[in-house]
Amino acid sequence: MAQLLSSIVSTAANHVSSCTRLPVIMGRSLATSTVRPGLEEFFEKEDNLGKTRIRVGRSWRLEELRLKSNTDLHKLWYVLLKERNMLLTMEHAYKEAYVAMPNDERIDKVAESMENLEEVVKERNRAYYQLECGVTGERDRFMRRDALGRFVFYKPVEHSMPSQMNTGYRKTLRFRYGCSMNEPVKDFLGKYSENINFKQHYKELLQMREAARVVRRFPEVDMDALVQKYPLVNPERLMRWKKIRGQNTTVHDA
């Protein structure tokens, strides 16, 4: 396995080194990071090749990213982007070699870090636009019916061609969001809402049963903690439920 992965990395490196390089134009000196020309950074370090487990850290948290400046966030984004590209390249290489990738959860950690970083940037953009302009600065999103009559979120998209001239896009909108609300559509919406209500009721019933089991075993349980654990449970309805009445006479404050 290690020899196969090493051959993949060496082949890519030899191919890059054999390519014709452009002449370097000298200019004024800039303070930059260490330059590594080529595609070597798309692959694991040679020390990690052949290992079954690689020691890695956790993902970046929101509270940690909120303490960093915009410049640091910009640099960290590209560090995470390079790490994600490297991991995806190695994932493909391991699949080609029919070998399990060590610590494949690294991809999820990098994705979670990038999502948290993007959320912090959005928070700062919203705060800036609300302070300066009184708006969030994000695209407005509203509800509209799709082809099946369901309400879905829709974000207007800016196009280079006016809507009255963009016939192809108007046909796409007519097919995707054009709803006549005829009898088949109304029948579908009725069955669809019935299915959603049934799933919601079933989920609530499961949480009621779990909460009732906890109350039967621990009569002095804290109801606030119980509701936090089972958010769909109604405390008043729970204490009136026949499944927990019986010998339990403890009165809880709702």
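**Salt bridges and helices**

Q: Which residue forms a salt bridge with Arg58?
A: Arg58 pairs with Glu64, and their closest N and O atoms are 2.4 Å apart. A salt bridge here is a side-chain nitrogen of Lys or Arg within 4 Å of a carboxyl oxygen of Asp or Glu.

Q: Before we continue, what kind of model is this?
A: This is a predicted model, in which local features need pLDDT of at least 70 and side-chain atom pairs count only at pLDDT 80 or more, whereas totals for chains, interfaces and linings use all residues. Residues are numbered from 1 along each chain as its sequence is written, and side-chain values use heavy atoms, with hydrogens and water left out.

Q: Are Arg58 and Glu64 buried, exposed or partly exposed?
A: Arg58 is partly exposed because its relative accessibility is 47%. Glu64 is also partly exposed, at 24%. The terms are set by relative accessible area: buried is under 20%, exposed is over 50%, and partly exposed lies in between (1.4 Å probe, protein chains only).

Q: How many salt bridges are there by that rule?
A: The count comes to 8. Among them is the pair Arg66 and Glu123, at 3.0 Å from N to O. Arg66 lies in the loop between H2 and H3 and Glu123 in helix H4, so this pair ties together parts that are 57 residues apart in sequence. Arg66 is partly exposed at 41%, and Glu123 is partly exposed at 25%.

Q: How are the helices assigned and numbered?
A: Helices (H or I, at least four residues) and strands (E, at least two) are DSSP runs, numbered from the N terminus.

Q: Which residue meets Glu210 in a salt bridge?
A: The partner of Glu210 is Arg213, with 3.1 Å between N and O. The two are 3 residues apart in helix H6 (residues 183–217), and therefore separated by about one helical turn. An α-helix has 3.6 residues a turn, so residues three or four places apart point the same way. Glu210 is partly exposed at 35%, as is Arg213 at 44%.

Q: Turning to H4, what span should its 28 residues have?
A: Helix H4 (residues 105–132) should span 40 Å at 1.5 Å a residue, and its end C-alpha atoms are 41 Å apart, which agrees. The expected span is 1.5 Å times one less than the number of residues.

Q: Which residues of H4 are buried, and what do they pack against?
A: Arg106, Ile107, Val110, Ser113, Met114, Asn116, Leu117 and Val120 are buried. The buried residues of H4 pack against helix H2 (62–65) and helix H3 (70–96). Just after H4, Gly134 has a positive phi of about 80°.

Q: Another asparagine, then: where is Asn166 found?
A: Asn166 is in the loop between strand S2 (151–154) and helix H5 (167–177). With 17% relative accessibility, Asn166 counts as buried. Beyond its neighbours within four places in sequence, Asn166 is in contact (heavy atoms within 4.5 Å) with His159 and Met161.

Q: Finally, what is the mean pLDDT of the chain?
A: The mean is 80, and 79% of the residues reach 70 or more. pLDDT is the predictor's confidence in each residue, from 0 to 100. Among the elements, H2 has the highest mean pLDDT (94) and helix H1 (residues 2–18) the lowest (51).

Q: Over which residues does pLDDT stay under 50?
A: One such stretch is residues 15–28, with 4 contacts beyond four places in sequence. Residues 247–254 are also below 50, and that stretch has 12 contacts beyond near neighbours in sequence. Where pLDDT is low, the predicted coordinates should not be read in detail.
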